[in-house]
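Welcome, and thanks for taking a look at this model. Please open the sequence and the structure side by side, and then we can walk through a few places together.

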Amino acid sequence: MYKIILITGGSSGIGKAIGEYLTDKGYTVYGTSRDISKHPESKFRLLTLDVTNNDQINSCINQIINREGRIDVLINNAGVGITGPLEEIPEEEIHKHFKTNLYGPINMIKAVLPFMRKERNGLIINITSIAGYVGTPYRSIYSAGKAALDLISETLNMETKEFKINVVSIAPGEYLTNIPKGRFHSPLIEESPYKNSYKKGLEIMNKHIDSGADPKIIGRLVYKILNSKNPKKKYLSGSFIETLAPFLKFILPQRLFEYIVMKNY
Ligand SMILES: NC(=O)c1ccc[n+]([C@@H]2O[C@H](COP(=O)([O-])OP(=O)(O)OC[C@H]3O[C@@H](n4cnc5c(N)ncnc54)[C@H](OP(=O)(O)O)[C@@H]3O)[C@@H](O)[C@H]2O)c1
């Protein structure tokens, strides 16, 4: 039923792993990069796209429509990280972050929906994060963007049901990718009251990514979703404890849950 796939951010990490997995399974995959010249080795076709640029969004989608006549699946994967004490994250960095991680996926969805509605067929997968369900210190803005995208998925799925378009979210835990390199880190300010605990928090976050899982797992999960008659609305993909955390948050007394999170960060 689904053949033509568009993955935003197919040059690295999770997007690349999904693209390679689906290419091996015989799907026609289009990935994207802001600079395709840096990725001549890509196993699938890459188109130029910065999700913060609406002209590039339209051009990317039109190229696929002109070639294939339709887009069956949009995977909103492109994204970056941001860390820092909320009080010290510069406002322009917060705007920049939401432009990439929240408005970018929203504008991709808006651009692709007319074509999916015309076909009365489509699947939109938003890559969110377990950090969108469970907040940890110094990731407020990242968590807020992912939580918002998760709710966009939830509400949009009801709006597009009559057009036979499914919307699902995949919330990964920690995966070994290049995300720390592209992340905005608020600088460690010598006289900052947060300095010591933020420094420790940053070290722990980086350690978690370094011991993260293989992004191929997400490729397999997307393949399973593509072949499922009735996909779930939300998928969590991570270690046992990562996938348990959102449930514990609602079951355990709030103070105890916060204590456990703070003990680990
Ligand atoms: N790694 C994890 O543990 C983890 C956990 C939960 C959720 N996630 C989410 O998974 C997604 C993929 O991240 P990753 O871990 O695979 O990181 P990654 O290895 O750094 O890959 C990020 C991808 O996003 C693209 N990208 C970044 N900014 C973009 C922009 N403005 N416009 C278009 N593309 C852009 C990059 O492409 P170019 O640089 O080539 O343009 C790259 O392909 C993100 O949404 C991230 O938040 C990751």
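## A helix pair and its crossing

A crossing counts as right-handed if the near helix is turned clockwise from the far one by less than a right angle, and as left-handed if it is turned anticlockwise. By that convention, helix 2 crosses helix 3 in a right-handed manner. Please keep in mind that this is a predicted model.

Helix 2 covers residues 54-68 and helix 3 covers residues 91-119; they pack at an angle of about 35 degrees, and their axes are 10 Å apart. On the helix 2 side, the contact is made by Asn 54, Ile 57, Asn 58, Ile 61, Asn 62 and Ile 65. Their partners in helix 3 are Gly 104, Asn 107, Met 108, Ala 111, Val 112 and Phe 115. Sorted by class, this contact holds seven nonpolar and five polar residues, with no charged ones.

## Around the ligand

Which residues are the closest to the ligand? They are Ser 11, Ser 12, Ser 33, Tyr 142 and Thr 177, out of 30 residues that surround it. The shell is made up of 15 polar, 11 nonpolar and four charged residues.

For Arg 34, a polar backbone atom is 2.7 Å from an oxygen atom of the ligand, while for Gly 9 a backbone N or O atom lies 3.3 Å from one. Lys 146 takes part through its side chain, where an N or O atom is 2.9 Å from a ligand oxygen. The ligand alone would expose 890 Å², and the protein buries 94% of that. Helix 1 (13-24) and helix 4 (140-160) are the elements that contribute two or more residues to the shell.

## A closer look at Thr 177

Thr 177, one of the residues closest to the ligand, sits in the loop that joins strand 7 (165-172) to helix 5 (179-182). A polar atom of the Thr 177 side chain is 3.1 Å from the backbone nitrogen of Ile 179. Beyond residues up to four places away in sequence, Thr 177 touches Gly 13, Ile 14, Ile 209 and Pro 215.

## Thr 243 in helix 8

Where does Thr 243 have its place? Thr 243 belongs to helix 8, residues 240-251, and its side chain reaches the backbone oxygen of Phe 240 at 3.1 Å.

Setting aside neighbours within four places in sequence, Thr 243 is in contact with Leu 236, Ser 237, Gly 238 and Ile 130. Ile 130 is 113 residues from Thr 243 along the chain, yet their C-alpha atoms are separated by 7.5 Å.

Key:
Residues are numbered from 1 along each chain as its sequence is written. This is a predicted model: local features need pLDDT of at least 70, side-chain atom pairs count only at pLDDT 80 or more; totals for chains, interfaces and linings use all residues. Side-chain values use heavy atoms; hydrogens and water are left out. A residue is near a molecule or strand if one of its heavy atoms lies within 4 Å of it. A polar contact is a pair of N or O atoms within 3.5 Å; within protein, one must be able to donate a hydrogen and the other to accept it, and residues adjacent in sequence count only if both atoms are side-chain atoms. Accessible areas come from the Shrake-Rupley method with a 1.4 Å probe; for residues, only the protein chains shown count as cover. Helices (H or I, at least four residues) and strands (E, at least two) are DSSP runs, numbered from the N terminus. Ala, Val, Leu, Ile, Met, Phe, Trp, Tyr, Cys and Pro count as nonpolar, Asp, Glu, Lys and Arg as charged, and the others, Gly among them, as polar. Axes are lines fitted to C-alpha atoms, for helices over the stretch in contact, and angles run from 0 to 180 degrees between N-to-C directions. Contact means heavy atoms within 4.5 Å.
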